Amino acid sequence: MVDALTSYESFSQSCVETRLDFFPMGNIMSSVATAAHDLDWESVLQTEGIEYVERGPNVARNHINIHCPWCGISDPSHHLGISLDGKGWGCWRDRTHRGRSPKRLLYKLLGSRAERYLPREEPEALLQSSGLGSRFTLTPTESEDFIDSAQWDRGFKFTHRLTRSDDTFLQYLVETRLLSADTVIRKGLRVAQYGPMSWRVFCPIHWEHKLVGWTARSIGNASPRYLVGPGRIDTLNVIREPFLDSPVILLEGYFDALRLWECSIGKEFGIIVTHGTALSQIKTSQLKKLSQTHPLIFALDDDAQHIAMEYSLAFDGWAVPPPRGRKDLGEATTGEIRSWIQQL
Ligand SMILES: [Zn+2]
C-alpha cells in the first residue's frame with residue numbers, strides 16, 4: 001500500500017518535472033506549486049463538513065483521507081489520500097482517481113463553491129486576469145476532447161521537438177497540410193511516437209506572449225482527432241502578434257494559420273486561431289478587446305461564411321471567404337494565398 005502511494009507521489013512528481021521541463025511557463029507553473037502547497041485541506045474539509053481521517057490503514061504520512069468522490073458509494077471507507085505537502089491526491093481503489101491540481105479535487109467535491117477556497121494565485125485565476133478562462137469554463141462540445149491531466153502528462157512525456165528525421169510526421173505536415181518543413185520545425189511543434197498519445201502532433205497555444213496549453217492532433221484516423229491538454233485554456237491562439245493597429249486575421253484551424261503565416265512572412269497583420277467556430281465567453285471577450293485596437297478579419301472555412309458574417313457584425317470587422325473553390329486557406333496554393341492577402 002505504501003508502495004502504491006509512493007509510486008503515485010513519484011508519478012505526480014515526475015509529471016511536474018516533465019511539465020517544468022517542457023512548458024516554458026515559469027510563472028504559471030511555480031504558482032501551481034505554491035497554490036497546491038498553500039491550500040489548507042483540513043480547514044476546507046472541516047468548513048464544508050466533509051468527513052476525513054488523519055490516521056488509519058489507508059492513511060500515509062502527511063496525508064489525510066476522505067471518501068473518494070469518484071468512487072462514490074463504492075468506496076466503503078476513506079480511500080482517497082490527500083497530501084498535506086501539496087503533492088497531490090490519489091485513490092487506493094482506482095489508479096485513475098488521482099491528480100495534482102487541488103482545484104480539480106475541490107471542484108469534484110464542492111462544485112462551483114470550490115472557488116472560495118482557491119488562492120488568488122491559482123494559475124487559472126492568473127489566466128482569468130489576463131483575459132483567459134479556466135478549463136472549467138469549457139463548453140460541453142469543447143470538453144469532449146479534453147483528457148485527464150494525468151494521462152496528458154504521461155503522454156506529453158513521450159514527445160520530442162520535431163526534427164528533420166521525423167519522416168512520418170513531416171510527411172503528414174508537408175503532404176497533407178501543405179506546410180514547409182522549415183515552418184513546422186521553426187514553430188517548435190512537438191510530436192509523440194510512443195505512449196498514450198502516439199502519432200499526434202502537439203500544437204502550442206499562445207496568448208499574451210505566454211504558452212498556455214497544447215492541443216494534440218492525430219496524424220492518422222485516431223478518434224478524437226484533437227486532444228486538449230490540461231493547460232489548454234479556452235482561448236484564442238496567437239500565431240503572430242499584430243503590430244500597433246494592424247489588422248488581425250482569424251482562422252479556425254491551427255495548420256491553416258501556419259500556412260497563412262508562412263505565406264505572409266514580412267507582413268504586419270496578426271494571425272490568430274479560434275480553434276473552431278464556437279465562441280465561448282472568454283474568446284468573445286478576447287475578441288471584443290482586440291476589436292478596440294485592431295480591425296478583425298474573419299477568414300473562416302467556406303462552410304462557415306454565415307458565422308463569419310455574424311462575427312464581422314458583432315465585432316465590427318470583415319468576413320473574407322477563402323479563395324474560390326477552396327474549403328479553407330490551408331488547402332489553397334501559395335499563389336492563391338498571396339493574392340488572397342493582396343485583396344484585403
Ligand atoms: Zn476512487
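Strand 12 and strand 14 (residues 296-298) run parallel and pair over three bridges. Strands here are DSSP runs of E with at least two residues, helices are runs of H or I with at least four, and both are numbered from the N terminus. Two strands pair if DSSP finds at least two bridges between them. Isoleucine 249 has isoleucine 297 in strand 14 as its bridge partner.

This is a predicted model: local features need pLDDT of at least 70, side-chain atom pairs count only at pLDDT 80 or more, and totals for chains, interfaces and linings use all residues. Residues are numbered from 1 along each chain as its sequence is written.

## The chain as a whole

The chain has 13 helices and 15 strands. Of its 344 residues, 39% are buried. A residue is buried if 20 or more other C-beta atoms lie within 10 Å of its own, exposed if 12 or fewer, and partly exposed in between; the C-beta atoms are placed from the backbone.

Among contacts with a separation of 6 or more, 52% join residues 24 or more positions apart. A contact means that the C-beta atoms of two residues, placed from the backbone, lie within 7 Å.

## An enclosed helix

Why is helix 10 (residues 254-263) largely enclosed by the rest of the structure? Eight of its 10 residues are buried. They are Tyr254, Phe255, Asp256, Ala257, Leu258, Arg259, Leu260 and Cys263. Their cover includes helix 9 (181-186), strand 8 (200-207) and helix 13 (334-342). Strand 11 (237-240), strand 12 (248-251) and strand 13 (270-273) are also part of that cover.

The largest nonpolar core has 48 residues. Such a core is a set of buried Ala, Val, Leu, Ile, Met, Phe, Trp, Tyr and Cys residues joined through C-beta atoms within 7 Å. Which residues touch the most other members? They are Leu250, Leu251, Ala257, Leu260 and Ile272. Helix 10 gives the most to this core, with six residues. In soluble globular proteins, nonpolar side chains tend to be buried together.

Leucine 251 is in contact with Asp256, Ala257, Leu260, Val273, Ala299 and Leu329, leaving aside neighbours within four places in sequence. A second, separate core has 13 residues, including Leu39, Val44, Ile66 and Trp92.

## A strand covered on both faces

Strand 3 (residues 80-83) is covered on both faces. Leu80 and Ile82 are buried on one side, Gly81 and Ser83 on the other. In a regular strand the side chains alternate between the two faces of the sheet.

Strand 3 pairs antiparallel with strand 2 (residues 63-66) over four bridges. There, isoleucine 66 stands opposite leucine 80. Strand 3 also pairs antiparallel with strand 4 (residues 89-91), over three bridges. Glycine 81 has glycine 90 in strand 4 as its bridge partner. Five residues lie between the strands of this hairpin, and glycine 86 takes a positive phi near 75 degrees.

Another open sheet has five strands in the order 6-7-8-9-10, with antiparallel pairing. Strand 6 (159-161) and strand 10 (226-228) each have a single partner strand, so one side of each is left without a neighbour in the sheet.

Strand 9 (residues 210-218) and strand 10 run antiparallel, joined by three bridges. Alanine 216 stands opposite leucine 227 in strand 10.
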